[in-house]
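Hello,

Here is the structure I promised you. Please open it and keep it beside this email as you read.

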Amino acid sequence: MNLRLKLVVLLLLSAFLLSVPTIDGSSSGKHNQANQGCTCHQNGGAITPTHNFPSTYNPGQAYSISINLNNGTQSFNGGFNVLVNKGQLSNPSSNAQINSQGNSATHSASNSLGWTFDWVGPTPGSGAVTVHIAVLQADASGTNSGDAWSTLQLTINEFQPPNDPPVAYDLNITPSPEAPSTSDLTLTYQYADPNMDAESGTLIHWYKNNTQIPGLDGMMTISSIYTSAGDTWKVEVTPSDGTDFGQTEVTSEVTIVDIDSDNDGVFDSEDAFPNDPNESQDSDNDGVG
């Protein structure tokens, strides 16, 4: 083929390509593109997506979603894509469509600037949902120039119902209201939570003569080695469900009383031989009464 013929063929091919109208490959929608944007089009900017996705979702609840745009031109040609990583999209308007996975919605024709569909929140415990939105407004010139597009990413948190604090009730120390100096002290109480939450982190503080004894915190029973005749004891209980603390409750006071173990008429606190009814004094401290 000589040079002249080659030039003729090239000119004819160029003329043919120029005669073919520009094809907009996304006029009937494009899925799974919202996180990247409408990159097939030049972006003139100046538009912003609008939506009514909730800020928090209830698992399994259906939400009617509308997608629109602001600050565009007078053209009514455009498109969109919404991509969600959790939940299901369904029930698109006549100018929209949903993919088979139910996670992407896009336009089905290019002559609209508003679209609707439903989104159903995911199952309980799914956590935060990420939504990507892309909108496009075209100038209807048949080319990819003179257009404007914008993207938006949002996070929808799972709704957490407010927590109700637990309660502690029916507090008692046994024995009560008096306890022998040789007896251990045991705390009992009832726990209840409106949300059926298990008890976790409840605070228990023991007080001797109205002074907190930190070394006994959290104990349900304290040994008699910590008590002496004449002491008064009480316990504070602040119930917790691991999230919130309830109101602090306090037991009635228990008085520690002396006893006469050998029934010789002398209290143990004054009896040098509390288990020997025949002796009670050791004047010279030699261990012999």
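Phe80 and Trp115 are both buried. This is a predicted model, by the way. The two rings form a stacked aromatic pair, 4.7 Å centre to centre and with 25° between the planes. Phe80 sits in strand β4 and Trp115 in strand β8, so the pair ties together parts that are 35 residues apart in sequence.

Those two rings also belong to an aromatic cluster, which includes Phe53, Phe117 and Trp119. Phe53 and Phe117 form a tilted pair: 6.4 Å centre to centre, 55° between the planes. Phe53 lies in the loop between β1 and β2, and Phe117 lies in strand β8, 64 residues apart. Is Phe53 buried or exposed? Phe53 is buried because its relative accessible area is 7%, and under 20% counts as buried. Phe117 is buried too, at 1%.

Now the sheets. Four strands make an open, antiparallel sheet in the order β1-β3-β8-β5. Its edge strands are β1 (48-51) and β5 (88-90), each pairing on one side only. Strand β5 is joined to β8 (residues 115-120) by 3 bridges. There, Leu89 stands opposite Trp119.

Another open sheet has 6 strands, ordered β2-β10-β9-β4-β7-β6, with mixed pairing. The edges here are β2 (56-57) and β6 (96-98). Strands β4 (residues 77-84) and β9 (residues 129-138) run antiparallel and share 8 bridges. Gly79 in that stretch stands opposite Leu136 in β9.

One last item: Lys234 lies over the face of Tyr207, 5.8 Å from the ring centre.

Best wishes

Notes:
Residues numbered from 1 in each chain as written. Predicted model: local features only at pLDDT ≥ 70, side-chain atom pairs only at ≥ 80, totals over all residues. Heavy atoms only, no water. Pairing = 2+ DSSP bridges. Helix = DSSP H or I, 4+ residues; strand = E, 2+ residues; numbered from the N terminus. Phe/Tyr/Trp six-rings, centres within 6.5 Å; stacked < 30°, edge-to-face > 60°. Buried < 20%, exposed > 50% of the residue type's maximum accessible area, 1.4 Å probe, protein only. Lys NZ or Arg CZ within 6 Å of the ring centre and 35° of its normal.
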